[in-house]
Amino acid sequence: MARTNADSLPASITRLPVIGTHMRPNIEAVLAQRPDLVLQMAGRKEASLPVEALRKHGVRVAVFHAATFAELFSVIRRVGVLTGSTAQAEAMVRGLEARLAVIDARISATTGRPKALFEVRSPNMLAAGQSGLVDEIIRRAGGVNCVADAAKFSRLSEEEVIRLAPEAYLIQRGPMNPAPLPLNERPRLRAIPAAVSGKAWFVDEQKYSRPGPRNVDAVEELAALLHPEIKSPAKGRATTKHSKNKDKQ
Amino acid sequence: MIRVTKLHVKYGRREVLHGIDLTIARGELVGLLGPNGSGKTTLIKALAGLLPAASGRIEIGGADLGGLSHRERALKISCVMQRAEAPAGFSVRELVLMGRFAHTGMLSGYGPLDYAAAAAALKDAQAEDLAERQASELSGGEVQRVLLARALAQGRELLLLDEAVSALDMARRVEAYDLLAELNAGGSTVLSALHDLNLAALYCPRLVFLKAGRIALDGPTAEIFTEANLKDLYETDIRVAAHPVTGAPQAHLVPGARAAALG
Amino acid sequence: MTTGARDSRAQGRDLRTKVLWISLICAASLVSGIVACGLGSFPSTPAQTLNALLQALGVRSGQPVDPALSVVVVDIRLARVALAWLTGAALATAGCVFQGVLRNPLADAFTLGVSGGAAFGASVAILTGVGSGLAGGALVDNLGGLSLGGLAGSAGLLPLFALAGALLALGAVLALGRAGGGPSGGMNRETLVLAGIVVSTFLSALISLLKSLDEESVSSIVFWIMGSFQGRGFEHVRLALPYMAVGLGLVLWRARELDLLALGEGQARLLGLNAGRSRLWLLIGASLLSGAAVAVSGVIGFVGLVVPHLLRLVVGAGHRTLLPASALLGGLLLLWSDVLARSILPGGAELPVGVVTALVGGPFFCLLLGKRFRGQA
């Protein structure tokens, strides 16, 4: 077993050998592992090149696409089949589905669907669009993605953000957005409802933007943030003043 | 006006001038002659401050040339070099006005005095008719007239010229040298490097001949412009006869030099 | 006396053409600035826009202005108008100076490696994480107590990194140019351009190296290199203005020297110019201008190339007119490029303004070149 440079979760896999980066894996390093199976996420154009190269060398490569929870669960099941752990995979999916159902039930009891904006990167702002898991995470957590762009990412002007008037503002923090400013330190966005009400939070890029079981954690976390009345353990970090000190540590 | 002592000048490692001693008094009109590659242009460039002296000393008006700032030097010396190009986008008037650069301060631009000096220089160089033309559209001869005008706008105390009239036709050449003689009569010191032996002999009371980086001859035209000297210098048969109007010595080539050389 | 009268008449006519052009561009800039404040995805009527602008100026008119609209019109659009105008002015002036100093019509911040240096500085900032989350207030605070810890941990040092990169690249180019400039110590223009190409090639290789080292930052670096005014505000204007003012002062002060340099080193020196020193100061001024521009906006091409070329056809090559005219027209051009960049795509999405200038400037520049060559033939 091996991992790419960027994979660090769960912590137990950091001891595994690295085969290069996710955009340009080192084919030689992959072959040196003599793998029975290579898993590759679809999406980026660059991703298909190493797949071709590995297939040419007789390596079995399974390419997955997970832009919805349904696709994510089917991926988990198929990986289960491919790795001979069908039952474990099935159990995992069942568990995840059950947790989503709980959230669904709680959310359907609430009223109000706040307009949310998910910031992928800033400055040169990129926001999550309609296609992709983030959009579904927001929807399942009882919000509405206010970015109407059908693509996965949308490059928005600040003016457009003000026009969209998001009531909740999510800033992902991680490799894509290494050091974003909290919303209350962005003077030009001071007038948007999320800034006025203080409904702005940093969230973990690994949890929201990487397909995996942790996306369900994301739904739980976001649901608690958007609808505090459902009383579920919230792990999000607020960017408002009273919690800023804790945030910096 | 000019005092050169033991001047050596190098291009890289190659020494081109090997110990030049030359004194030119205020108000002289001197022709600088010599075969190709004898160092005429190098000497003019060194006197104008464009080439540094490897050793030796150049004094201009009593001041060490090396100790002068660019601006101070430009106020003492006006120079017209051969093969100067005129860049696109400037009118002749603008180009001549640039001759006044050294006369202006860093903060003040060109003033009325400068515009007047440029206009006078254009008039004297008979380039008034070109004033509003684009400098890049001029013919070679016109460019040289304009550059002469610029040198006059810059100053008239000491004029250094390097083949400054070679691109002009015969009539313009005579006009230009008439102008130089006129300026000289008005007090300007003129040192002009040129190929044309007869033009030099016609206008310059004193000639300096360079050969292989050394001064070969230096003296009054009447004394040194002789058949024997010219034959020695140019290594070809040359006859000297008096000019039909002025009586100045004029050199005439003799056909058959090639056959004589092949011997 | 008659010649004097004719001289002054000719000069007067010449001057009138130049004054006419400059006042025309000035008026267009002013009108464009106000119009541009009314354009964008946030709906606003001209009356509302004017009202918001007037309120920002302290003029109280009848009805109060919606705070969101006020932020959009003043803090976003007006700030971008100001920054785009300044950046365009700086880039065009710098291009004009580079072309004059190098006597090369294709010289630009790019040819000299200055843009490459700035881009490299910015890439370093992005990679080490000090560059993201730019905030003017935070930046000014940080400048006060700039320590190593502050450097590593603070946000928004990207512009300073870019500026440092620009100046370092220029230093390297000048050193290389000097080393290859021959015994007289002068820099010949071919050597300088070659040195610029060497340095920018080396720097772009370094940028590629940085990108390979950290794939997650690639998109940040790429977007930054394309150039954009997205998310910029008055803090960026404040940041860039001092550098631009100093740079502009420096080159305008020496505008006449640029005329002399255009004649070539020999003639410039004969006319009393210390060509080496003059060139150095002019290049430093132009680097300040382009470094500051690149620092706040990323790499924006073609403005520095197209604007001076176009104006040379209209007002001539005399830099006392050409430099200010380039600044004014460069500002106007980039102002409208930015308006296009932020309003041409539907749904409030933005194009990098560098793409707009390249798309508009590329074909336009080809036309100019064609015209020039036909003119020479």
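Residues are numbered from 1 along each chain as its sequence is written, and chains are lettered from A, with ligands numbered from 1, in the order in which they are written. Because the model is predicted, local features need pLDDT of at least 70 and side-chain atom pairs count only at pLDDT 80 or more, whereas totals for chains, interfaces and linings use all residues; side-chain values use heavy atoms, with hydrogens and water left out.

Over residues 232–249 of chain A, pLDDT stays under 50. The model has 30 contacts (heavy atoms within 4.5 Å) beyond four places in sequence for this stretch. Chain A contains 10 helices and 9 strands; helices (H or I, at least four residues) and strands (E, at least two) are DSSP runs, numbered from the N terminus. Of the 249 residues of chain A, 47% count as buried. Buried means under 20% relative accessible area, exposed over 50%, and partly exposed in between, with a 1.4 Å probe and protein chains only. Among contacts in chain A with a separation of 6 or more, 57% come from residues 24 or more positions apart.

The largest nonpolar core holds 131 residues. Such a core is a set of buried Ala, Val, Leu, Ile, Met, Phe, Trp, Tyr and Cys residues joined through side-chain atoms within 4.5 Å. The members that touch the most other members are Phe209(B), Phe98(C) and Leu112(C). Helix 3 (residues 67–102) of chain C contributes the largest share of this core, 12 residues. Another core, of 39 residues, lies apart from it and includes Ile76(A), Phe118(A), Ala128(A) and Ala141(A). Residues up to four places away in sequence aside, Phe98(C) touches several residues, among them Leu112(C), Val114(C), Leu283(C) and Ala286(C).

At the interface of chain C and chain B, 28 residues of chain C are in contact with 39 residues of chain B. The two chains bury about 2,800 Å² between them, 55% of it on carbon and sulfur atoms; buried area is the accessible area (1.4 Å probe) that two parts lose on being put together, summed over both. In chain C, the residues that lose the most area to chain B are Arg256(C), Leu270(C) and Leu271(C), together 26% of what that side buries. The count of salt bridges between the two chains is 1, where a salt bridge is a side-chain nitrogen of Lys or Arg within 4 Å of a carboxyl oxygen of Asp or Glu. Lys18(C) forms a salt bridge with Glu94(B), and their closest N and O atoms are 3.7 Å apart. On the side of chain C that touches chain B, helix 1 (2–36), helix 11 (255–261) and helix 12 (265–270) each supply at least two residues. The largest share of that side, 6 residues, comes from helix 1 of chain C.

Within chain C, Thr93(C) is found in helix 3 and Leu322(C) in helix 15 (residues 319–343). Leu322(C) counts as buried because its relative accessibility is 0%, and Thr93(C) counts as buried because its relative accessibility is 0%. These residues are 229 residues apart in sequence and 8.8 Å apart in space, C-alpha to C-alpha. Beyond four places in sequence, Leu322(C) is in contact with residues including Cys96(C), Pro308(C) and Leu311(C), while Thr93(C) touches Leu248(C), Val251(C), Leu289(C), Leu323(C) and Ala327(C).

In chain B, Ile44(B) is found in helix 1 (residues 40–48) and counts as buried, at 0% relative accessibility. Ile44(B) and Leu191(B) are 147 residues apart in sequence and 8.5 Å apart in space, C-alpha to C-alpha. Leu191(B) is one of the residues beyond four places in sequence that Ile44(B) touches; Leu32(B), Cys79(B) and Met81(B) are among the others.

Most residues other than glycine have a negative phi. Arg34(A), which is not a glycine, has a positive phi near 45°. Arg34(A) lies in the loop between helix 1 (27–32) and strand 1 (38–41) of chain A, and counts as exposed because its relative accessibility is 71%. Gln126(B) has a positive phi of about 55° although it is not a glycine. Gln126(B) is in the loop between helix 4 (112–124) and helix 5 (140–154) of chain B, and counts as partly exposed at 41% relative accessibility.

How values were computed. pLDDT is the predictor's confidence in each residue, from 0 to 100.
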